[in-house]
Amino acid sequence: MIITPKIRGFICTTAHPEGCAANVRSQIYHVKAQPALTNPPMKVLVIGASTGYGLASRIVPAFGGGAATIGVFFEKPGTETKTGSAGWYNSVAFEEAAAEAGLYAKSFNGDAFSREMKDEVIAAIRADLDDVDCIVYSLASPRRTDPTDGETYKSVLKPIGAPYTQKNVNTDTGVVNTVSIETASDDEIAHTVKVMGGEDWELWIDALAGAGVLADGFHTVAYSYIGPDLTYPIYTNGTIGRAKEHLEESAARMNARFGDATAYVSVNKALVTQASSAIPVVPLYISLLYKVMKEKDLHEGTIEQIQRLFSDHLASGNAPAVDERGRIRIDDWEMSEPVQEAVAAAWEKVTTENLSELSDFSGYKKEFLRLFGFGLEGVDYEKDTNTERSLPSIS
Ligand code: NAI
């Protein structure tokens with residue numbers, strides 16, 4: 001099949017296997033070009049391992065430290081007539097590269113929120129690794145079925161207390177308009193916390209602890225975001241922010257149970273991923289941020305961010321540096337004053353007419369397409385491509 005991008009709003013419904021593989025290889029190449037990690041975890045479980053921050057969190061310990069990895073994700077394999085999802089092809093490419101490098105890699109495709117998935121992963125750890133010493137929790141999902149009550153909860157991206165009106169870019173047309181979002185109800189807040197808070201993270205750690213497959217001195221990390229004042233109503237002070245507060249409470253509970261310096265929340269930079277492109281206002285902010293950070297030579301993608309998370313914090317041999325709330329801050333460059341001042345000044349001025357001059361909107365769009373394997377150098381997009389790719393560890 002000749003595969004082209006088919007974009008529907010903030011999602012691309014096709015993905016290119018060779019392009020996804022090229023994307024994964026370039027991330028591996030980046031990691032291999034850095035000094036090896038000083039004190040790497042050697043048996044790593046990544047929950048949400050197929051795209052975005054989770055994929056980078058699988059690549060860095062594997063190729064920067066020689067770790068065995070287990071990846072959990074929810075992706076679609078391709079069929080003869082339909083492409084698979086990008087995360088499926090990314091994981092195929094990851095496993096192929098791991099096998100070539102002699103690294104253990106096993107993947108599980110299914111619902112991470114379910115008890116069955118936890119049991120299957122525990123069985124694999126017992127059979128192959130005995131235990132795990134690092135668990136990365138990097139899920140981003142719009143819904144969760146709670147295994148205890150069978151109810152399905154849906155997360156929303158809404159402000160709390162007052163409606164929110166802000167500039168926004170239509171990513172299809174490049175028109176800068178205004179978006180207004182209604183206040184979340186109490187139920188919507190509670191549901192978002194159920195889906196994106198730390199409950200399932202704790203359930204994973206509970207299940208692993210109960211099965212006796214957590215190594216002494218293990219650590220676990222989940223990801224959060226803070227961002228600038230202008231996105232506070234939709235992010236930090238909105239429904240997703242409540243869920244991220246819950247994530248921090250979960251980390252505190254796990255530290256009380258397993259010892260300080262076990263569970264961390266890492267606050268990461270705003271980046272183009274499948275999850276972030278769905279948040280109103282954020283794509284315009286990211287377009288302005290990329291322009292400023294690229295000009296200041298401070299730009300990082302997911303792989304550079306996670307390389308820094310491991311090399312400077314989780315695998316440095318020293319305790320991670322944390323802020324007053326115990327969080328690791330790899331959003332430090334994004335949140336630095338010169339960057340934020342420049343973005344805020346551009347935000348005031350940006351319109352449809354000056355979007356390409358003031359922002360890196362074209363970079364945003366390219367990056368979005370790359371998530372699905374399009375626009376990568378060295379890939380022949382005119383060539384007939386086989387959409388069925390099997391994941392070596394999933395029969
Ligand atoms: P993403 O959309 O690229 O990745 C989500 C991952 O979760 C994929 O591997 C997907 O297969 C997996 N997944 C979703 N539902 C699942 C389910 N039911 N069972 C198993 N796997 C499932 O998202 P991204 O952006 O990498 O987000 C990861 C975390 O990082 C989230 O907590 C997000 O809030 C956080 N974060 C993201 C930032 C950004 O700008 N993208 C910034 C800071 C934090």
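Visitor: Where is alanine 93 found?
Guide: In this predicted model, alanine 93 belongs to helix H3, which comprises residues 86-100.

Visitor: Is alanine 93 buried or exposed?
Guide: Alanine 93 has a relative accessible area of 9%. The cut-off for buried is under 20%, so alanine 93 counts as buried.

Visitor: Which residues is alanine 93 in contact with, leaving aside neighbours within four places in sequence?
Guide: With those neighbours left aside, alanine 93 is in contact with Ala21 and Val24.

Visitor: How far apart in space are alanine 93 and isoleucine 286?
Guide: They are 28 Å apart, C-alpha to C-alpha, and 193 residues apart in sequence. Isoleucine 286 is found in helix H8, residues 282-295.

Visitor: Buried or exposed, that isoleucine 286?
Guide: Isoleucine 286 is buried, because its relative accessibility is 0%. Not counting residues up to four places away in sequence, isoleucine 286 touches Ala270, Leu271, Val272, Ser276 and Tyr364.

Visitor: Turning to the ligand, which residues come nearest?
Guide: There are 31 residues around the ligand, and Ser50, Tyr53, Ala112, Leu271 and Thr273 come nearest. Leu271 is also one of the residues that isoleucine 286 touches.

Visitor: Which side chains have an N or O atom by an oxygen atom of the ligand?
Guide: Threonine 273 has a side-chain N or O atom 2.6 Å from an oxygen atom of the ligand. For threonine 51 the corresponding distance is 2.9 Å. Serine 50 also places a polar side-chain atom 2.6 Å from a ligand oxygen. On its own the ligand has 840 Å² of accessible area, and the protein covers 93% of that.

Visitor: How do the residues of the shell divide?
Guide: The shell around the ligand consists of 15 nonpolar, 12 polar and 4 charged residues. Helix H2 (52-65) and strand S11 (214-224) each supply at least two residues of that shell.

Visitor: What does S11 have to do with helix H7?
Guide: The buried residues of H7 pack against S11, as well as against helix H5 (186-196), helix H6 (199-210) and strand S12 (263-267). Among those buried residues are Ala243, Leu247, Ala251 and Met254.

Visitor: How many residues has H7, and what is its reach?
Guide: H7 runs over residues 239-258, which is 20 residues. From first C-alpha to last, H7 reaches 29 Å, close to the 28 Å expected at 1.5 Å a residue.

Visitor: What comes just after H7?
Guide: Glycine 259 follows, with a positive phi of about 110 degrees. In the loop between H7 and S12 there is also alanine 261, whose phi is positive at about 70 degrees although alanine 261 is not a glycine.

Visitor: How accessible is alanine 261?
Guide: Alanine 261 counts as partly exposed, because its relative accessibility is 48%.

Visitor: What is the phi of aspartate 130, and where is that residue found?
Guide: Phi of aspartate 130 is near 75 degrees, a positive value in a residue other than glycine. Aspartate 130 lies in the loop between helix H4 (115-129) and strand S6 (132-137).

Visitor: Why does aspartate 130 count as exposed?
Guide: The cut-off for exposed is over 50%. Aspartate 130 has 56% relative accessibility and therefore counts as exposed.

Terms used: Residues are numbered from 1 along each chain as its sequence is written. This is a predicted model: local features need pLDDT of at least 70, side-chain atom pairs count only at pLDDT 80 or more; totals for chains, interfaces and linings use all residues. Side-chain values use heavy atoms; hydrogens and water are left out. A residue is near a molecule or strand if one of its heavy atoms lies within 4 Å of it. A polar contact is a pair of N or O atoms within 3.5 Å; within protein, one must be able to donate a hydrogen and the other to accept it, and residues adjacent in sequence count only if both atoms are side-chain atoms. Accessible areas come from the Shrake-Rupley method with a 1.4 Å probe; for residues, only the protein chains shown count as cover. Helices (H or I, at least four residues) and strands (E, at least two) are DSSP runs, numbered from the N terminus. Ala, Val, Leu, Ile, Met, Phe, Trp, Tyr, Cys and Pro count as nonpolar, Asp, Glu, Lys and Arg as charged, and the others, Gly among them, as polar. The expected span of a helix is 1.5 Å times one less than its number of residues. Buried means under 20% relative accessible area, exposed over 50%, partly exposed in between (1.4 Å probe, protein chains only). Contact means heavy atoms within 4.5 Å.
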